Amino acid sequence: MLLRLNENNISSPAISQVVDCLKNGGIIIYPTDTVYALGCDISNPKAVEKLCKLKGIKPEKSHFSFVCSDLSHLSEFTKAIPNHIFRVMKKALPGPYTFILEANGKVPKLLKQNKKTVGIRVPDNLICKEIVEALGNPLISTSLVDMSDDIVEYFADPEIINQQYQDKVDLIVDGGFGNIYPSTVIDCSNDELEVLREGLGSLEVLN
């Protein structure tokens, strides 16, 4: 099902429909400030398994991000964040960045893997923000396409995404034409910050 939302006039009933889908274990495709993404409710283990199956990966091998509406969820999933890293995150977020942080003991239980790090996203996209806020907890999420694939432009068009995925996911949120560039990934799990992938987010935030 394709559900159209206008970022300038977001319909509350439509957001409720998306949240109901997520709470019932549904997989959605939704807009971010970078590429369209696949997501499900972080608190629903069966939905996480469905997402893994759709991506063709084993849960213990997954590299999902936790998509939050703001930084208030961090302490639920990460160890204490050093001040210099938190300052960079506050400067960069919301925005097109993924920060790799040390995971706390809750993350392995959610993902059924002995994972020591977790990727945190706070996209600068009102539709995404409204969905996560209404859900009440983060989404487990992954980019719609493999970012090693150079031919991703057609996945920015919600109509084409719908043609490709309408039988594979429960709901596709059309938030308009998306971006074709992924987030910038910054590893903060060690003493020195390391840029793992330069994407849409400027590296000036590190200065």
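Which residues does isoleucine 27 touch, not counting residues up to four places away in sequence? The legends below begin with this residue. The model is predicted: local features need pLDDT of at least 70, side-chain atom pairs count only at pLDDT 80 or more, and totals for chains, interfaces and linings use all residues. Residues are numbered from 1 along each chain as its sequence is written, and side-chain values use heavy atoms, with hydrogens and water left out.

**View 1. Isoleucine 27 in the loop between α1 (12–23) and β2 (28–30).** Helices (H or I, at least four residues) and strands (E, at least two) are DSSP runs, numbered from the N terminus. Isoleucine 27 is buried, with a relative accessible area of 2% (buried: under 20%; exposed: over 50%; 1.4 Å probe, protein chains only). Leaving out residues up to four places away in sequence, isoleucine 27 touches Leu38, Gly39, Cys40, Ala47, Lys50, Leu51, Leu54, Val169, Asp170 and Leu171 (contact: heavy atoms within 4.5 Å). Aspartate 170 lies 143 residues from isoleucine 27 in sequence, but 5.4 Å from it in space, C-alpha to C-alpha.

**View 2. Helix α2 (residues 45–55) and its buried residues.** Ala47, Val48, Leu51 and Cys52 are buried. Seen down the axis of α2, these residues fall within an arc of 145°, so they line one face of the helix (the arc is that of the directions from the helix axis to the C-beta atoms). They pack against β3 (37–41) and β7, whereas Lys46 and Lys53, on the other side of α2, are exposed. At the start of α2, a side-chain oxygen of asparagine 44 comes to within 3.2 Å of the backbone nitrogen of lysine 46.

**View 3. Arginine 121 in strand β6.** Arginine 121 is buried, at 6% relative accessible area. Its side chain makes a polar contact of 2.9 Å with that of aspartate 33 (N or O atoms within 3.5 Å, one able to donate a hydrogen and the other to accept it; residues adjacent in sequence count only if both atoms are side-chain atoms). Residues touched by arginine 121 include Thr32, Ser65, Phe66, Tyr97 and Ser183.

**View 4. Lining of the largest pocket.** A pocket is an open set of points on a 1 Å grid over the protein atoms alone, where a 1.4 Å probe fits, with protein on both sides within 12 Å along at least five of seven lines; lining residues have an atom within 4 Å of a point. Of the 31 lining residues, His63, Ser65, Thr142, Ser143 and Arg197 lie nearest the centre of the pocket. β6 supplies the largest share of the lining, four residues.
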